[in-house]
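Hi,

Here is the structure I promised to pass on to you. Have a look at it first, and then read my notes below.

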Amino acid sequence: MAGPSNRPPLLRLEHLRVEFPSRHGTLTAVDDVSFEIAEGEVLGVVGESGAGKSITGAAIIGLIEPPGRIAGGRVLFEGERIDDLPYEKLRRIRGKRIGTIFQDPLTSLNPLYSIGRQLIETILTHTALAPREARRRAIDLLAEVGIPSPAQRIDHYPHQFSGGMRQRVVIALALCANPRLVIADEPTTALDVSIQAQIIALLKKLCREHGTAVMLITHDMGVIAETADRVAVMYAGRVVEVGPLREVVKHPRHPYTVGLMGSIPTLRGTRARLAQIDGSMPRLNRIPPGCAFHPRCPRAFARCQHERPELISDGPSWTACWLYAPLARTGSDG
Amino acid sequence: MAEPAGSVPSSAAAPQPLLRVAELARYFDASPPFLNRLLLGGHRRALKAVDGVSFAIPRGQTLSLVGESGCGKSTVARLIVGLYRPTRGSIEFDGQDVSLLRKEREVRALRRRFQIIFQDPFASLNPRWRVRDIIAEPIRVHGLLRGRAAIRARTEELLAQVGLSAADGGKYPHEFSGGQRQRISIARALASAPEFLVCDEPTSALDVSVQAQILNLMKDLQARLGLTYLFISHNLAVVHHMSDQVGVMYLGRLCELAEAKTLFRRPLHPYTRLLLETIPDLELSGRVRVPVAGEVPSPIDPPPGCSFHPRCPFANERCRRERPELSLHEGDLVACHAVEEGRLPAATFDLRAPAASG
């Protein structure tokens, strides 16, 4: 399927499909998504609001809110299927072998408990440490994520920390059982730019040191460029392009990725206008047939309107676009 | 440094700027409640959200204010459009001191000429009004047109100007996406035919591809209608794309005010350098980034001397004691002792360097 790599995959998504029944019919938020994450690899999942990237992350750890449900496909973690596990078993994996970091550090911390209590509780749940050792480990973790004077700060409450410091605590919380995979959903979006850079650097350093793989979900190509090894670009619930970072950023193939990269203002040169993709992402109840991007695509041709493209290999990248199909250009292109 | 000799920042050069702000300040009362002060012995405290900011924007140009949360950039925006009263300082619009206007009629006449666009297009449009009525409100309030047909024609023209169709006028805000709502906000701002727009983080809530649409629209409108912008943003790349002049704010004060071209090529103030350092490297040039330490201190209790000194790698004894004022340096205004004393290593940011195929 998508993204071959030389290491065995830690996580493998096969044709994942997530549906939300609604009054107006069934909405497909994630539609036939397949990718892999290798041991110790950082996979960036990028896309705009409504692309389905957060739902994909939530589906992996079984946190889809009912009535939403996984309607098809499989999630394999360390070679073992986890999407059909009973709640209790999945809960053991979550937190121990898969850690999570969410966008807003305030909502992932309980305001009524000191951060030490939350850390120690998590450590005790997932490891065999004694309470005294757990506290020592919690202090070590806080030091590791760069909290100054951790031995004192451990007894403070979330509101006594700044946004950046809180996100550091959340990272400590995600890493405290030494997970193999961390799912980080917009970990820096709520932070100021200078703090953002600190948190990205920290996440990168810790995961490298611990050999933890990361699924980094973000709308910010800049964050991806700083962190990821490989990138998956999502659009309207589908993966449109997967490839090594350098390929996707410097030689984007899918017209959506090309447009996305062009629309980011940079400091290189002053273009009078930014490249723009006209229109907006379709709502889930109005996803066009064929390639979901075709109404906005400057290079769409007849085939795009009724036939949905699969991910097609093009060098090191995989692209879901008929332009890259072996016989594509025989049609009426452009 | 290829700089034209004797170039002065346009703040000083322009003969008659459209907007001039001098020593603008706004303090908020951050004291504990009266009874607590009485019983627990606390005393009054002021939060200096904006503390002595001066700049001028020539007609038809864009000045951007950039900085992190709490630096006071949005407070400046609100002061200028009159949502807050300044604690001190003056705002001069087209030669008229706004604070001297007393008569309601005069204030209103001036108000028509400047408008604001807010960050959140979900909160700034009345959900119970049709788009047509939202856009027509400034026309009605200022009595610019009489008669239904005339107002209807004008709103349709405004909708077309921002890339929406006449039929969209009959819909409600919830029927639109974030980018389209921001277009509606822009149409409403343009309804009173203003000369000056304050744009407070107009694209921060939008996705990048939509952001590009809105930034392009704003540039087109500026070219077509000769608008002057005060652009507030925390995103330096966006600021670089939009501005003629850039003011960098830190804890309520300007630390650098320069032409956009020079600021991005040769940042002077250490904080400006820090901000430039944080821009992600989309070129994948492998530029080694200096890790940025520390966080913005609380504006209630700013550090003495230069408020940036706790995070500044170049701070010395003087910086801890004495607050630097803005002074002219290589044609730019910068408030930094290290720059003034020439003990700052030159930093040329060659951010444009790597060619497309690196």
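Which residues in H5(B) and H6(B) meet each other? Before the reply, some housekeeping. This is a predicted model, so local features need pLDDT of at least 70 and side-chain atom pairs count only at pLDDT 80 or more, while totals for chains, interfaces and linings use all residues. Residues are numbered from 1 along each chain as its sequence is written, and chains are lettered from A and ligands numbered from 1 in the order in which they are written.

**Helix pairs in chain B**

Now the reply: B:Arg132, B:Ile135, B:Ala136 and B:Ile139 in H5(B) meet B:Ile151, B:Arg154, B:Thr155 and B:Leu158 in H6(B). Helices (H or I, at least four residues) and strands (E, at least two) are DSSP runs, numbered from the N terminus. Two residues are in contact if their C-beta atoms, placed from the backbone, lie within 7 Å. By class, this contact has five nonpolar, one polar and two charged residues. Here Ala, Val, Leu, Ile, Met, Phe, Trp, Tyr, Cys and Pro count as nonpolar, Asp, Glu, Lys and Arg as charged, and the others, Gly among them, as polar.

The axes of H5(B) and H6(B), the latter being residues 148-161, come within 10 Å and cross at roughly 110°. (Axes are lines fitted to C-alpha atoms, for helices over the stretch in contact, and angles run from 0 to 180 degrees between N-to-C directions.) H5(B) and H6(B) are therefore roughly perpendicular to each other. The cut-offs are under 35 degrees for roughly parallel, over 145 for roughly antiparallel, 65 to 115 for roughly perpendicular, and oblique for the rest. The crossing of H5(B) and H6(B) is right-handed; that word applies if the near helix is turned clockwise from the far one by less than a right angle, and left-handed if anticlockwise.

H5(B) (residues 131-141) also packs with H7(B) (residues 178-190), at an angle of about 30° and with the axes 7 Å apart. That makes H5(B) and H7(B) roughly parallel, and their crossing is right-handed. On the H5(B) side you'll find B:Val131, B:Ile134, B:Ile135, B:Glu137 and B:Pro138, which meet B:Ile184, B:Ala187 and B:Arg188 in H7(B). Those residues divide into six nonpolar, no polar and two charged.

**A helix pair in chain A**

How do H4(A) and H7(A) pack? H4(A) (residues 115-126) and H7(A) (residues 163-175) pack at an angle of about 15°, with their axes 9 Å apart, and are therefore roughly parallel. This crossing is right-handed. A:Ile115, A:Gln118, A:Leu119 and A:Thr122 in H4(A) meet A:Val169, A:Ala172 and A:Leu173 in H7(A), giving five nonpolar, two polar and no charged residues.

**The core**

A:Ala172 turns up again in the largest nonpolar core, which has 190 residues; A:Ala172, A:Leu216, A:Val233, A:Tyr235, A:Val239 and B:Leu230 touch the most other members. A nonpolar core is a set of buried Ala, Val, Leu, Ile, Met, Phe, Trp, Tyr and Cys residues joined through C-beta atoms within 7 Å. Buried means 20 or more other C-beta atoms within 10 Å of a residue's own, exposed 12 or fewer, and partly exposed in between, with C-beta atoms placed from the backbone. Leaving aside neighbours within four places in sequence, A:Tyr235 is in contact with residues including A:Gly47, A:Tyr256 and A:Phe293.

A:Ala236 has a positive phi of about 50° although it is not a glycine. A:Ala236 sits in the loop between S9 (230-235) and S10 (238-244) of chain A, and is buried, with 24 other C-beta atoms within 10 Å. B:Leu251 also isn't a glycine and has a positive phi of about 50°; look in the loop between S9 (245-250) and S10 (253-259) of chain B. The peptide bond from A:Pro66 to A:Pro67 is cis, with omega near 10°.

**Where the chains touch**

The contact takes 36 residues from chain A and 34 from chain B. On the chain B side, H8(B) gives the largest share, nine residues. That side has 16 nonpolar, eleven polar and seven charged residues. A:Ser280 is in contact with B:Ser177, B:Gly179 and B:Val210, leaving aside neighbours within four places in sequence.

Cheers
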